[in-house]
Amino acid sequence: MQLSPSPRAADLKARLEAFMAEHIYPAEARYYRESEELGPWKVQPVVEELKPLARVAGLWNLFLPESDHGAGLSNLDYAPLCEVMGRSHLAPEVFNCSAPDTGNMEVLARYGTPEQQARWLTPLLEGRIRSGFAMTEPAVASSDATNIESRITRDGDDYVINGRKWFTTGATDPRCKILIFMGKTDPDNADRHRQQSMILVPMDTPGITVHRPLPVFGFYGMPDRASEVSFEDVRVPAANMLLGEGRGFEIAQGRLGPGRIHHCMRLIGLAERVLEKVCARAEERVAFGRPVAEQTVTLERIAEARIAIEQARLLTLKAAWMMDTVGNKQAKAEIAMIKVAVPNMACRVIDMAIQLFGGAGVTNDFALGAAYATARLLRIADGPDEVHRNQIGRLELRRQRAARS
Ligand SMILES: Cc1cc2nc3c(=O)[nH]c(=O)nc-3n(C[C@H](O)[C@H](O)[C@H](O)COP(=O)(O)OP(=O)(O)OC[C@H]3O[C@@H](n4cnc5c(N)ncnc54)[C@H](O)[C@@H]3O)c2cc1C
């Protein structure tokens, strides 16, 4: 496994870091202020101001691997870039590399028809609109996606959609124009993995109601724009179906691998940035006659954080390398491993930072509140830890069984 990035990725990383220093870090305080003042139904103007600069700088759509649409970087080459973006809550969207749009663009690039791509992928790639992914439902345990109950019923040349979703990230954003909706087209199919389909639902279709935003630890609009949405006799053309009826799980598998590794890459960047803040603070803050950095407990904590970040990064790079070399399906154990390891690592590092910052740690003055909220939500979003651990355990048993026989 070659760990150093290609010359192209190294060049992009240097340019990305320069852009972060010049435009992103100085704008962060404004971003947090605007998020708080404007809330989840509005767009922070700072984001829209910075997007054209990132695009002109050629730091745009870096996430799409082997694609005509994006930068065409491998996952291994994208990893250090995504990590740099993850250092700031503001950055990913400025570079058009933020969830859930990246996952949705991947779906459209891989599975969309030319018409679907022209209508939705192009404006998403240009950063003119945003999108959402509506799978999770309040009424059922959605970590088991076979439980999803919403209906997508064929009626002549249309499909009619009924159901209630929540945690649909992005639905309160006025720029959100399209949802990828998951629901049952064939609820009686004996194969539970063939019951679900995914369909494109424009946000302005009659029958859609966005009921409320859902805060993450009291934060609205940042670090997430989750919301509750209902669908009542929502009618869309049959041509909006993605890939075909009954293929929802197939698409979900294709979507979740890249989406999960991107979250992990960003969280490594976030943990790294938090550790930088810890080291600076520990050296300047004096308690009981000496800098906090001189307390052995601080040295222990910093060392533990450094070890944990390095471990998480190496495992993530291995998962990226496997996705590039043997494919997302073969890399599923590694993807599941990082989905557990990285958010847990980030939670531990940020929790240590909060303690070291004292009272300031529980505010967002040093962006630690938002950092913790981000890391903690990712122990649940895209599947809770337990589900991934179960999968890792089952794969390990299967592997050991095969080795014995
Ligand atoms: C901020 C945020 C943003 C999100 N964005 C989106 C989005 O854009 N689109 C979308 O569709 N969804 C989104 N989600 C939803 C997320 O994917 C689900 O919350 C997650 O899959 C868990 O489903 P659930 O909430 O129904 O929990 P449940 O399925 O009710 O599970 C609850 C708990 O039960 C335990 N559990 C479940 N299964 C097992 C098991 N096999 N073994 C042991 N314990 C288990 C776990 O502790 C789990 O956390 C988001 C969630 C959050 C928090």
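This is a predicted model: local features need pLDDT of at least 70, side-chain atom pairs count only at pLDDT 80 or more; totals for chains, interfaces and linings use all residues.

The domain assignment of the protein chain gives three segments: domain 1 (7-112), domain 2 (130-242) and domain 3 (249-404). The centres of domain 2 and domain 3, taken over C-alpha atoms, are separated by 29 Å. To the contact between them, domain 2 gives 12 residues and domain 3 gives 10 residues. On the side of domain 2 that touches domain 3, eight residues are nonpolar, three are polar and one is charged.

## Overall fold

The secondary structure of the protein chain consists of 12 helices and nine strands, and the C-alpha trace spans about 75 × 60 × 45 Å along its principal axes. The radius of gyration of the protein chain is 21 Å, which agrees with the value near 22 Å that a compact globule of 405 residues would have.

Buried residues account for 48% of the 405 residues in the protein chain. Among contacts with a separation of 6 or more, 72% are between residues 24 or more positions apart in the chain.

## The largest nonpolar core

In soluble globular proteins, nonpolar side chains tend to be buried together. In this model, the largest nonpolar core has 116 residues, of which Leu-62, Ala-271, Val-274, Val-349, Ile-350 and Ala-353 touch the most other members. Helix H10 (residues 332-357) gives the most to this core, with 15 residues.

For Ala-353, once neighbours within four places in sequence are left aside, the residues in contact are Val-274, Lys-277, Val-278, Gly-361 and Leu-368.

## Two individual positions

Asn-96 is found in the loop between helix H5 (91-94) and helix H6 (101-111). Asn-96 counts as buried because it has 23 C-beta neighbours inside 10 Å, the threshold being 20 or more. Leaving aside neighbours within four places in sequence, Asn-96 is in contact with Trp-60, Asn-61 and Gly-127. Asn-96 and Ile-148, by comparison, are 52 residues apart in sequence and 30 Å apart in space, C-alpha to C-alpha.

Trp-321 is found in helix H9 (residues 296-325). With 19 other C-beta atoms within 10 Å, Trp-321 is partly exposed, since a buried residue needs 20 or more. The C-alpha atoms of Trp-321 and Met-1 are separated by 7.0 Å, although these residues are 320 residues apart along the chain. Apart from neighbours within four places in sequence, Trp-321 is in contact with Met-1 and Leu-76.

Terms used
Residues are numbered from 1 along each chain as its sequence is written. Helices (H or I, at least four residues) and strands (E, at least two) are DSSP runs, numbered from the N terminus. The radius of gyration is taken over C-alpha atoms; the globule rule is 2.2 Å times the number of residues to the power 0.38. A residue is buried if 20 or more other C-beta atoms lie within 10 Å of its own, exposed if 12 or fewer, and partly exposed in between; C-beta atoms are placed from the backbone. Two residues are in contact if their C-beta atoms, placed from the backbone, lie within 7 Å. A nonpolar core is a set of buried Ala, Val, Leu, Ile, Met, Phe, Trp, Tyr and Cys residues joined through C-beta atoms within 7 Å. Domain bounds come from an automatic or database domain assignment. Ala, Val, Leu, Ile, Met, Phe, Trp, Tyr, Cys and Pro count as nonpolar, Asp, Glu, Lys and Arg as charged, and the others, Gly among them, as polar.
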